[in-house]
Amino acid sequence: MRKGLLTFAAVGLLATGSMAACGDNGGSSDQAGGSTDKKPKIGVILPDSKSSARWEGADRKFLKEAFDAAGVESDIQNAQNDKTAFQTIADQMITNGVNVLMIVNLDSGTGKAVLDKAKSQGVATIDYDRLTLGGSAQYYVSFDNEAVGKLQGEGLSKCLTDKGVKNPSIAYLNGSPTDNNATLFKNGYDSVLKPKFDSKEYTKVADDSVPAWDNAQAATIFEQQLTKAGGKIDGVLAANDGLGNAAISVLKKNKLNGKVPVTGQDATKEGLQNILAGDQCMTVYKAVKKEADAAAELAIALAKGEKKETGQTVKDPEGNRDVPAVLLEPKAIYKDNVKDVVADNYVTKEELCTGAFAKLCTDAGVS
């Protein structure tokens, strides 16, 4: 990811211009911006509902709200981690007349095929959350994903220091090897932790990727990591809350939960509850509503044949092009600021503070 880029603290900062200058796409203004002579219709393909609760619990809701508020027809579907279904959904959306297609790819190969077909049919495209390497999307909307990973690395280090752990043994549970975001997250946390490994301050005892972000596989992988390390793992860099919870489930079986700091990402209800209970050290909150609103704003403009300038780009190393981008800023969440996620209405107090978590919420200042 290109360094030194400004991040958007809020949406609504995009400037409108003529679509004729959409240079990277190499098509006509209709190809770049969708047909201007038919009613705007936007298709969105989400990746799955298992790797993270965010896709169905947040992204779908916020995207639909944004499209509805603008009076724009939308079709939001979920590929459920099935590459064939992903392509079939895209074909159906194109046949059914969408003039903008927004995707969260399952891998860059499948994503590229879908984006290229859409482009050939005059359908404008946006990469949402994950960049499709070698793809042809006209915009990329996400968070600064290396910054996400850096917060995770800093968080794990902070939690180990707070616990007074000396010379800790660290295990990595990385995201899917086919997800470019997982690579960026790892770049971020490696930037913090690799110097500690190099200086022998920390020891890395395991470093495994989890196919398709599958939580069940993550539990199996972590159990193997723990066994191989002779039960001596002092910290777990888990790339999201689902993987973190998988590690915690194994730590619980070994009566190590709460003793071994575990990171996460996405600020899911489960992740936040694990933090309140002391089983997870931190998560990274990404304000999905801002991401969804920024993507919807771009999609609606494209559907109307307009171009919006973002003032940012990311480098696609496989496509050798700079992709216009909106990159939002992530936030580290620990027990003392779980309340910030609730205050932002990402998770409600009623959802989070159930049963035994009611007192934990009160103690953490959640109101």
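Visitor: Which way do strand β2 and strand β4 pair, and over how many bridges?
Guide: Strand β2 (residues 41–46) and strand β4 (residues 100–103) pair in the parallel sense, over four bridges. Pairing needs at least two bridges found by DSSP between two strands. Strands (E, at least two residues) and helices (H or I, at least four) are DSSP runs, numbered from the N terminus. This is a predicted model: local features need pLDDT of at least 70, side-chain atom pairs count only at pLDDT 80 or more, and totals for chains, interfaces and linings use all residues. Residues are numbered from 1 along each chain as its sequence is written, and side-chain values use heavy atoms, with hydrogens and water left out.

Visitor: What stands opposite Ile-42?
Guide: Val-100 in β4.

Visitor: And the whole sheet, what's the strand order?
Guide: β3-β2-β4-β5-β6-β13-β12, seven strands in an open sheet with mixed pairing. β3 (73–78) and β12 (313–316) are at the edges. Each has a single partner strand, so one side of each lacks a neighbour in the sheet. The twist averages 25 degrees from one strand to the next. Axes here are lines fitted to C-alpha atoms, for helices over the stretch in contact, and angles run from 0 to 180 degrees between N-to-C directions.

Visitor: Which helix lies across β4 and β5?
Guide: Helix α4 (residues 108–120), running at about 170 degrees to β4.

Visitor: Switching to the core. Which residues touch the most other members?
Guide: Ile-42, Phe-67, Met-102, Ile-126, Tyr-128, Tyr-346 and Leu-352, in the largest nonpolar core, which has 49 residues. Such a core is a set of buried Ala, Val, Leu, Ile, Met, Phe, Trp, Tyr and Cys residues joined through side-chain atoms within 4.5 Å. Buried means under 20% relative accessible area, exposed over 50%, partly exposed in between (1.4 Å probe, protein chains only). Helix α10 (residues 288–303) gives the largest share, 10 residues.

Visitor: What does Ile-126 contact, leaving aside neighbours within four places in sequence?
Guide: Its contacts (heavy atoms within 4.5 Å) include Met-102, Tyr-139, Ala-295 and Leu-298.

Visitor: Now the open sheet of three strands. What's its order?
Guide: β8-β7-β9, with parallel pairing. The edge strands are β8 (203–209) and β9 (235–238). Four bridges join β7 (residues 169–174) to β9, and Tyr-172 stands opposite Leu-237 in β9.

Visitor: Which helix lies across β7, β8 and β9?
Guide: Helix α6 (residues 180–198), at about 165 degrees to β7. Helix α7 (residues 215–228) also packs on the sheet, its direction making about 160 degrees with that of β7.

Visitor: Last one: Thr-362, buried or exposed?
Guide: Exposed, because its relative accessibility is 56%. Thr-362 is in helix α13 (residues 357–363).
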